[in-house]
Amino acid sequence: MIPSAFTASGQFWRGNLHTHSTNSDGVLAPEEVCRRYQAEGYDFLALTDHFIGLYNYPITDTAAFRGDGFTTILGAELHSGAMKNGELWHILAVGLPSDFAAPNSPAFSPVDGQETGPEIAQRARDAGAYVAIAHPQWSGLTMDDARSIDAAHAVEVYNHGCAMGCDRPDGFHTLDLLLSEGKQLNLCATDDAHFYEPDHFGGWVMVKAEKNEPEQLLAALKNGNYYSTQGPNLHHIEIKDRQLHVECSSVSAIIIQGQGSAAVAKHGHSMTKGQIGLGRFDASPWIRVTIMDAAGKKAWSNPIWCDEFK
Ligand SMILES: [Zn+2]
Ligand SMILES: [Zn+2]
């Protein structure tokens with residue numbers, strides 16, 4: 001069994017899925033945000049400004065900044081309805097149509113009668129978007145909140161802005177519990193860059209597609225044909241004879257996680273491949289793979305469902 005990211009045809013394209021500009025509360029104009037990502041070696045970017053009335057409900061049009069091997073996907077960070085803690089939902093939607101209808105979300109606080117978080121997430125998915133539950137730890141998301149977003153494709157498990165700005169980058173706890181409830185979700189790492197602090201170029205996705213074009217990238221994201229990283233690269237994952245085989249850029253740890261406390265780690269020096277037995281995961285419906293380099297930078301596979309190889 002080989003996860004689809006490594007069987008799909010094409011190559012991996014590097015992209016950031018969560019970014020803000022002066023069209024909401026970012027400090028750089030859309031053109032300069034795109035220029036910087038392209039200059040840093042990214043193949044694509046989704047500008048996802050805050051979709052609220054305060055900013056006139058922007059779906060920032062980045063089409064003019066495509067070219068020279070760089071492309072963009074339209075999107076937004078959606079806000080409507082209250083989470084359990086009374087604060088406004090944050091939902092990442094990549095691949096929105098430019099005429100996506102505005103909710104009644106005047107600013108960063110919930111108001112009576114507006115769409116719920118689950119409702120606006122579903123509307124985004126129905127409109128063709130890849131939908132992710134944004135920064136669960138930063139939001140103070142409860143499991144009831146997380147469960148309610150049926151439309152999600154993924155959980156944002158690493159948010160670089162939340163790492164730099166408040167040391168609350170995490171979404172893995174939420175994701176792992178949802179997986180163990182049977183929710184077949186993927187994961188993503190993003191920047192959530194606003195450029196008012198060192199919140200950029202820290203977490204991204206590597207998406208497998210034949211061409212670096214918005215429609216192909218979006219389809220690959222929705223199919224889970226990608227992995228997420230802070231730097232290391234996953235070249236191949238394969239499960240054969242109850243062993244997991246990994247090929248990757250040089251790392252010092254390969255770790256597999258599953259349900260509950262199930263995990264196995266292999267440590268070493270400059271490892272570019274590894275093989276780990278899966279006996280520890282007999283009771284787990286899913287596993288996922290982390291690799292970590294000598295500097296502590298990590299890459300993460302999407303979850304792999306064990307009924308595909310048991
Ligand atoms: Zn947010
Ligand atoms: Zn954001």
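**Close-up views of a predicted model**

H20 is buried, and D192 is buried too. The model is predicted.

**View 1. The site of the zinc ion (ligand 2).** Four residues supply the protein donors: H18 (NE2), H20 (NE2), E77 (OE) and D192 (OD). They lie 2.1 to 2.2 Å from the zinc ion (ligand 2). The site is irregular, with angles of 82 to 169° among the four donor atoms. Along the sequence, the donor residues follow the spacing H-x1-H-x56-E-x114-D. H20 and D192 link distant parts of the chain, 172 residues apart. H20 sits in the loop between β1 (11–16) and α1 (30–39). D192 sits in the loop between β8 (186–190) and β9 (204–209).

**View 2. E77 between two zinc ions.** E77 bridges the zinc ion (ligand 2) and the zinc ion (ligand 1). The two ions lie 3.5 Å apart.

**View 3. The largest nonpolar core.** This core has 37 residues. Those with the most contacts inside it are L78, I91, L96, F100, A124 and L175. Elements giving two or more residues to the core include β4 (71–78), β5 (91–94), α2 (117–126) and β8. The largest share, four residues, comes from α6.

**View 4. Around F100.** Leaving out residues up to four places away in sequence, F100 touches F51, I59, L78, I120, R123, A124 and A127.

View 5. Helix α7 spans residues 214–223. In this helix P214, L217, L218, A220 and L221 are buried. They cover an arc of only 160° around the axis, so they lie on the same side of α7. An α-helix has 3.6 residues a turn, so residues three or four places apart point the same way. E215 and N223, on the other side of α7, are exposed. Just after α7, G224 takes a positive phi of about 80°.

View 6. Q257 is found in strand β12 (residues 243–258). Is Q257 buried or exposed? Its relative accessible area is 15%, under the 20% cut-off, so Q257 counts as buried. The side chain of Q257 makes a polar contact with the side chain of T290 (2.9 Å). Not counting residues up to four places away in sequence, Q257 touches A262, A263, F281, W286, I287, R288, V289 and T290.

Key
Residues are numbered from 1 along each chain as its sequence is written. Chains are lettered from A and ligands numbered from 1 in the order in which they are written. This is a predicted model: local features need pLDDT of at least 70, side-chain atom pairs count only at pLDDT 80 or more; totals for chains, interfaces and linings use all residues. Side-chain values use heavy atoms; hydrogens and water are left out. Donors are N, O and S atoms within 2.8 Å of the metal (3.2 Å for Na, K and Ca); water is not among the atoms, so sites may look incomplete. Four donors count as tetrahedral if all angles lie between 85 and 135 degrees; four count as square planar and six as octahedral if opposite donors are over 155 degrees apart and all others between 65 and 115; anything else is irregular. Buried means under 20% relative accessible area, exposed over 50%, partly exposed in between (1.4 Å probe, protein chains only). A nonpolar core is a set of buried Ala, Val, Leu, Ile, Met, Phe, Trp, Tyr and Cys residues joined through side-chain atoms within 4.5 Å. Contact means heavy atoms within 4.5 Å. The arc is that of the directions from the helix axis to the C-beta atoms. A polar contact is a pair of N or O atoms within 3.5 Å; within protein, one must be able to donate a hydrogen and the other to accept it, and residues adjacent in sequence count only if both atoms are side-chain atoms.
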